[in-house]
Amino acid sequence: MMSFSLSKFLFIAAATLTLAACGPGTPVLPDEPQNEPSATNPENSGSNGSQEVEGGAELPSVTPEVPTLEPATPPMLSEREAILQKYDYVDPTHIVPTKHLEEAILYYHKNKTSLKNPSVLSVIDFSQKSTQKRWYFINMNTGSVWNIHVAHGKGSDSDHDGFAEKFSNVSGSNASSLGFYRTAETYQGSNGYSLKLDGLSATNSNARPRAIVVHGASYVQDSSVIQGRSWGCPAVSTAHRDKVINMIKGGSLIYAAAK
């Protein structure tokens with residue numbers, strides 16, 4: 001009788017451990033249900049000649065000319081240090097990844113006079129898992145930082161594990177693009193209030209024709225879950241959408257970086 005009871009106990013214990021090991025992990029949110037439209041596909045053109053883009057919204061088929069900012073060429077070390085010293089008030093709690101913050105500040109400083117909204121500089125760290133608050137908004141007047149969750153593209157995360165592993169500037173790739181962006185005008189699309197972006201780097205120069213925009217999405221939540229994947233847009237939660245867009249619209253700088 002004792003032997004039977006011990007065997008039964010061991011069996012139940014083993015089953016419990018197995019269930020625990022196979023239990024649910026980090027929740028995973030669903031993706032944007034469709035795919036990024038091809039900028040060269042005539043089937044995506046509207047009846048008025050406009051291009052069907054993100055979320056079924058229509059943007060002008062003629063891409064506006066984007067003034068080119070100076071390349072982000074690394075300054076001499078002494079100059080670099082002098083520039084960074086001017087901004088030593090930024091991020092006093094050190095939550096922005098240092099390497100990305102420094103590169104963003106250097107580019108910002110060199111091109112500040114070309115920015116119509118220089119009061120905010122933001123950094124997206126795509127090397128972090130989507131469970132983390134990896135979009136950092138920096139108040140360049142006070143140095144304070146606010147960070148939130150943001151989605152990356154389907155094409156950047158093939159197994160939907162929350163990590164962006166590859167990036168692309170190609171139409172139809174559904175991937176996120178790295179580099180510097182300048183925010184542009186707002187519009188109303190199928191995702192509601194949205195913000196157009198212009199790519200300033202060779203790695204994101206097709207942002208506007210690809211309709212890589214800031215918009216709210218139900219597949220992004222303000223919690224530590226694996227966010228749903230977009231078509232390549234930096235989508236945020238619907239709760240934060242208006243605050244984000246109103247803060248950065250009209251010519252602020254975004255730096256999307258990885259490792």
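Predicted model: local features only at pLDDT ≥ 70, side-chain atom pairs only at ≥ 80, totals over all residues.
## Nonpolar cores

The largest nonpolar core holds 23 residues, and within this core Leu-121 and Leu-253 touch the most other members. Two or more residues each are contributed by helix H2 (77-86), helix H3 (98-111), strand S3 (120-125), strand S4 (135-139) and strand S10 (253-257). H3 supplies the largest share, 6 residues. In soluble globular proteins, nonpolar side chains tend to be buried together.

Beyond its neighbours within four places in sequence, Leu-121 is in contact with Ala-104, Ile-105, Tyr-108, Tyr-136, Phe-137, Ile-138, Met-140 and Leu-253. Apart from this core lies another, of 21 residues, which includes Tyr-193, Leu-195, Ile-254 and Ala-256.

Within H2, the residues Arg-80, Ile-83 and Leu-84 are buried. Viewed down the axis of H2, the buried residues fall within an arc of 95°, so they line one face of the helix. An α-helix has 3.6 residues a turn, so residues three or four places apart point the same way. On the other side of H2, Ser-78, Gln-85 and Lys-86 are exposed.

The buried residues of H2 pack against H3. The axes of the two helices, H2 and H3, are 10 Å apart and meet at an angle of about 90°. Angles of 65 to 115 degrees count as roughly perpendicular, and H2 and H3 are therefore roughly perpendicular to each other. On the H2 side, the contacts involve Arg-80, Ile-83, Leu-84 and Lys-86; these residues meet Glu-102, Glu-103, Ile-105, Leu-106 and His-109 in H3. Ile-105 also belongs to the contacts of Leu-121.

The structure contains 7 salt bridges. Side chains of opposite charge can pair when their charged atoms come close. In one of the salt bridges, the side chains of Asp-31 and Arg-229 meet with an N to O distance of 2.5 Å. Asp-31 lies in the loop between helix H1 (2-21) and strand S1 (51-52), and Arg-229 in the loop between strand S8 (213-217) and strand S9 (236-237), so the pair ties together parts that are 198 residues apart in sequence.

The two partners fall into separate classes of accessibility. Arg-229 is buried, with a relative accessible area of 12%, whereas Asp-31, at 21%, is partly exposed. The cut-off for a buried residue is under 20% relative accessible area.

Glu-185, Lys-196, Asp-198 and Arg-208 are linked in a network of salt bridges. In the pair formed by Lys-196 and Glu-185, the closest N and O atoms are 3.4 Å apart. This pair links strand S7 (residues 192-199), which holds Lys-196, to strand S6 (residues 179-189), which holds Glu-185; the two residues are 11 residues apart. Lys-196 is buried at a relative accessible area of 9%, while Glu-185 counts as partly exposed at 35%.

Asp-198 and Arg-208 form a further salt bridge, with 2.6 Å between the closest N and O atoms. Here Asp-198 lies in S7 and Arg-208 in the loop between S7 and S8, 10 residues apart. Both Asp-198 and Arg-208 are buried.

Notes:
Residues numbered from 1 in each chain as written. Heavy atoms only, no water. Core = buried A, V, L, I, M, F, W, Y, C linked by side-chain atoms within 4.5 Å. Buried < 20%, exposed > 50% of the residue type's maximum accessible area, 1.4 Å probe, protein only. Helix = DSSP H or I, 4+ residues; strand = E, 2+ residues; numbered from the N terminus. Contact = heavy atoms within 4.5 Å. Salt bridge = Lys/Arg side-chain N within 4 Å of Asp/Glu carboxyl O. Arc of directions from axis to C-beta. Axes fitted to C-alpha atoms, helices over the stretch in contact; angles between N-to-C directions. Parallel < 35°, antiparallel > 145°, perpendicular 65-115°, else oblique.
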